[in-house]
Amino acid sequence: MSSSCSWDKWVEKAVLRLDSLNLLRSLRPISLSTNSTQQQQQYNGGGIETFHELQSWDRSSVEIQITESTFQKWIHNVPSSGDELMCPDDDREVKLDVDTLPLRKLILFSGNDYLGLSCHPTVRKAAAETAQQHGMGPRGSALICGYTNYHRLLESCLANLKKKEDCLLCPTGFAANMAVMVTLGSISSVLAAGKKPLKDEKVAIFSDALNHASIIDGIRLAERQREVEVFVYRHCDMVHLNALLSNCTMEKKVVVSDSLFSMDGDFAPILKLAELRKKHGFLLVIDDAHGTLVCGENGGGVAEEFNCESDIDICIGTLSKAAGCHGGFITCSKMWKQLLQSRGRSFIFSTSLPIPTAAAAYAAVMVARNEKWRRKAIWSRVEEFRVLTQIPITSPIISLVVGDEEKALSASRHLLESGFHVTAIRPPTVPSNSCRLRITLSAAHTTEDIKKLTSALSNYLKSTDVGSNTCNGYAKL
């Protein structure tokens, strides 16, 4: 029996079991009106204003300002909780009129707004008009009163983007991963009919060593409930994964991986994962947080890029990166959605997205699908960085490993003084001996931005011994 058929059978049995116990939960959408003609057109997928090239407002997503006080604290590595923005005469009030303070302008190279959509007029207009008409919308969890026609429209749009049967919105990408991992574990308990599942009845989860923290935390929670057995394979090592799968006698197997790794900027070997799926019959779960809208002709993500969408059983994503908004989602079958909305605790017990956020995210996805030049632009910036530095990067996420913490902080300070916002990534995010600069590129960056950044990096490396200690040819800068 194929992996798809086996898992369909188990999920269907779990859903029927929950239904028999009156534990199957339903979404009951609240219908909110869309009064204006223009808003109705956008709601139905028409009337979306798009552009054919970068506009002046695109720069707002990569040009930022910080106060001189913040700059000095950063330069001297002084801990801060943001209190430099407090009014000097009342330390309980935040000073909103920052224009009266000395400011430093910076080019942002550390955000995740890969397409520059957070400032797009269509996205802003969708949020503003929806807020004007409905406020924040019904405040409650999706299963109580927080699910509306705006949320359903966004789910349908994302399911279509990922070529999946359905979609479940979550408050964040972190919550989405947690919901999937906990739900996977719950299958063994549900099918065990109230008993603790035996080892062979549990779910075996195989996880890449560098998966995102939300995947790891979700697995740990399921493991704590004694519902899963966990196997961690070496990063992108398909030989190791194949060996672990071959030696595992458990029937219910799941492999979970980031598609594009957030700290290293490398792609999972997704075609090899698809081959192993056919061989071993496991459920393949992919977190496409950094690939969604960035990769693929239509922005469908890494699976579309490698033409293997049908090999992905569950695709998780976020709306806080290339969509420039907020929220997370899980695209899957309708049966999986029923199970997730009934067992995914981080979904069940969280307030749903405000409707202006849902409306803005829908607009962002529609814009991203239509403005394909934005994807071409970001990949052009990747190529320019690669040519200028001779570093063989493969994505808009550039990981410059410099070694210990002080070297990473020193490099970040140098770039700050040169006018660039690039933060040092330190433990516990990465191991202590692999502190790094994490640079991210955007469609809103220009060729000139890339040239200035690489020049600043080159000048820094020439003045230090960092280049000789790094692992990926950064000394070539």
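1. Ground rules. Residues are numbered from 1 along each chain as its sequence is written. As this is a predicted model, local features need pLDDT of at least 70 and side-chain atom pairs count only at pLDDT 80 or more, while totals for chains, interfaces and linings use all residues; side-chain values use heavy atoms, with hydrogens and water left out.

2. The annotated stretch. An unreviewed UniProt entry puts "domain: Aminotransferase class I/classII large" on residues 105–457. Such annotations may be inferred rather than shown by experiment. Over residues 105–457 the chain is 45% helix and 17% strand (DSSP runs: helices are H or I, at least four residues; strands are E, at least two; both numbered from the N terminus). The end C-alpha atoms of that stretch are 18 Å apart.

3. The seven-stranded sheet. This one is open, with mixed pairing and the order β5-β11-β10-β9-β8-β6-β7 (two strands pair if DSSP finds at least two bridges between them). At the edges are β5 and β7 (228–233), each pairing on one side only. Neighbouring strands are turned by 20 degrees against each other on average, direction ignored. β6 (203–208) runs parallel to β7, joined by 6 bridges, and Val 203 has Val 228 of β7 as its bridge partner.

4. Helices on that sheet. α8 (213–224) touches β6, β7, β8 (252–258) and β9 (283–287), at about 145 degrees to β7. Contact means heavy atoms within 4.5 Å; angles run from 0 to 180 degrees between N-to-C directions, with axes fitted to C-alpha atoms, for helices over the stretch in contact. α10 (270–280) lies across β7, β8 and β9, at about 160 degrees to β9.

5. The three-stranded sheet. Also an open sheet, with antiparallel pairing in the order β12-β15-β14. β12 (397–403) and β14 (424–425) each have a single partner strand, so one side of each lacks a neighbour in the sheet. β12 and β15 (435–440) share 6 bridges, and Val 401 partners Arg 436 in β15. α16 (405–417) lies across β12, β14 and β15, at about 35 degrees to β15.

6. A cavity to look at. There are 4 cavities of 30 Å³ or more (on a 1 Å grid over the protein atoms alone, points where a 1.4 Å probe fits but cannot get out; lining residues have an atom within 4 Å of a point).

Key. 1 Å grid on protein atoms, 1.4 Å probe; cavity = no way out; pocket = protein on both sides within 12 Å on 5 of 7 lines; lining within 4 Å. Points joined across faces, edges and corners; volume = space filled by probe spheres on them.
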